[in-house]
Amino acid sequence: MSSALQPEAEEIWTWLAEVPDPEIPVVSVTELGIVREVRYEGDTLVVAVTPTYSGCPATAVIDLMIEEKLREKGVEDLRLERRLSPPWTTDWVTANAREKLRAFGIAPPVDGTASDGMSAKAARLSGQNALTVACPRCGSANTERISQFGSTPCKAAWRCRDCLEPFDYFKCI
Amino acid sequence: MSEMPTNATADAAVTDQALQPAFFDWLCRMGDNALVLGHRTSEWCGHGPVLEEDIALANTALDLIGHTQMWLGLAGEVEGKGRDADALAYLRDAMKFRNFLLVELPRGDMAVTMMREFLFDAYHHLLLAWLSENSSSPRVSEIAAKALKEVSYHLDRASDIVVRLGDGTAESHRRMQDALDLLWPYTGEMFTSDEVDRAMVTAGIAPDLEMLRSKWEASVRDILEEATLKAPDPGGYAHLGGKQGRHTEHLGYILAEMQFLQRAYPGASW
């Protein structure tokens, strides 16, 4: 593809916004904040992707889906790059995606608790459920944590004391 | 394990020939501790005492395998002989493994599993925090920063369980104390420096282990006290050798299981 025909980075971003997260298909990889950069190196399109959790098995699937999407759009010269730094944080999950998560039944990450350092984190955790996670089904704030680990690396298991339903919480990291 | 190349953050340490043998060895220690503990932890998958703990153990194991990919991937780059994380994980024999004896011991009951995780996590968290902020190697510090976030959750959970089971029933207390007494002599290895550790300190890549030891002892003692458990004498006997490749008989059995497929069917992939 000659440089005259190279799609603009802005257009690439809109294509990437069509790639869903394989485990939570209501949100896209761009809404999750895991696509870090789109750039050209000569004729090669380079897309930098960061993993959510370092052992997340969805990472390889996400790479494949991104490649598939861009090939489908006619990109031939493509390289995916894994970027570790700065490490992914739930602060990068967009406001729009948080609403979609809630509608899907997953309580979105609570703002401002991801990169607050260990001492603040320890203080918060010592208060057990000091952070308020609203039930995605009935909206009640009367909820409790069952486990910090859930059905995927990015989620914790919670329960609503009012509607009694268990639910996933997209935990802060 | 990982097919995509990491973007190469500039790092002079990676190509420093004088540093190479020690740096490679140290990276193998980081990767092998994560790999062997991850494997031990994964043995609980489908066997946890309750569903939530089963899931938590599987997630913890997954994080550790993720860390293994990063550390052994970098080790392969530093070595410069074309070995990737898979080659290092699946095609080295026991004497080439550099993990602590602590992490290769059999998983035991939940008390042993969680006490070991707690003792290791407390060390792991302090180490990663230092590396992410202070290491002279940008590649090391970016891996540490990534892993630290996950290990914060491991340490929170392990501390919580040590307190709940230690200060629980007479039976759970007895099991936790037995686990502590069994594992304690294996913790000294984490803080016993050799020439590799000293080379890493000199290069500014890794912290002085004595400094780490005093912080570790303080944080571990706080939790053990809350758990009503009695910590053995810190100056007591320490089992050593894992970091230099002298292992217990248990490692060979782990490798036999973990490496079987790649040994029997070289190059097999999903």
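What share of the 173 residues in chain A is buried? Keep that in mind as you go through these notes.

1. **Getting oriented.** This is a predicted model, in which local features need pLDDT of at least 70 and side-chain atom pairs count only at pLDDT 80 or more, while totals for chains, interfaces and linings use all residues. Residues are numbered from 1 along each chain as its sequence is written, and chains are lettered from A and ligands numbered from 1 in the order in which they are written.

2. The predictor's confidence in each residue is its pLDDT, from 0 to 100. Chain A has an average pLDDT of 86, and 86% of its residues score at least 70. Confidence is highest in strand 2 of chain A, at 96, and lowest in helix 5 (residues 117-126) of chain A, at a mean of 52. Where pLDDT is low, the predicted coordinates should not be read in detail.

3. **The opening question.** Buried residues account for 36% of chain A. Here a residue is buried if 20 or more other C-beta atoms lie within 10 Å of its own, exposed if 12 or fewer, and partly exposed in between, with C-beta atoms placed from the backbone.

4. **The parts list.** Chain A has 5 helices and 7 strands. Helices (H or I, at least four residues) and strands (E, at least two) are DSSP runs, numbered from the N terminus.

5. **Two domains.** The domain assignment of chain A gives domain 1 (3-82) and domain 2 (93-170); such bounds come from an automatic or database domain assignment. In the contact between them, domain 1 of chain A provides 11 residues and domain 2 of chain A provides 11 residues. Two residues are in contact if their C-beta atoms, placed from the backbone, lie within 7 Å. The side of domain 1 of chain A that touches domain 2 of chain A has 6 nonpolar, 3 polar and 2 charged residues. For these classes, Ala, Val, Leu, Ile, Met, Phe, Trp, Tyr, Cys and Pro count as nonpolar, Asp, Glu, Lys and Arg as charged, and the others, Gly among them, as polar.

6. **The sheet of 3 strands.** One open sheet in chain A has 3 strands in the order 1-2-3, with mixed pairing; two strands pair if DSSP finds at least two bridges between them. Strand 1 (35-41) and strand 3 (78-82) of chain A are at the edges, each with a single partner strand, so one side of each has no neighbour in the sheet. From one strand to the next, the twist averages 20°. Strand 1 and strand 2 (residues 44-49) of chain A run antiparallel and are joined by 6 bridges. To see this pairing up close, find A:Val38, whose bridge partner in strand 2 of chain A is A:Val47.

7. Axes are lines fitted to C-alpha atoms, for helices over the stretch in contact, and angles run from 0 to 180 degrees between N-to-C directions.

8. **The sheet of 4 strands.** Another open sheet in chain A has 4 strands in the order 4-7-6-5, with mixed pairing. Its edge strands are strand 4 (106-107) and strand 5 (143-147) of chain A, each pairing on one side only. Strand 4 and strand 7 (residues 166-170) of chain A pair in the parallel sense over 2 bridges. Strand 6 (residues 155-160) of chain A runs antiparallel to strand 7 of chain A, with 5 bridges. In strand 7 of chain A, 4 of the 5 residues are buried, so this strand is largely enclosed by the rest of the structure.

9. **Meeting chain B.** Across the two chains, 25 residues of chain B are in contact with 23 residues of chain A. On the chain B side, helix 6 of chain B gives the largest share, 11 residues. By class, that side has 10 nonpolar, 7 polar and 8 charged residues.
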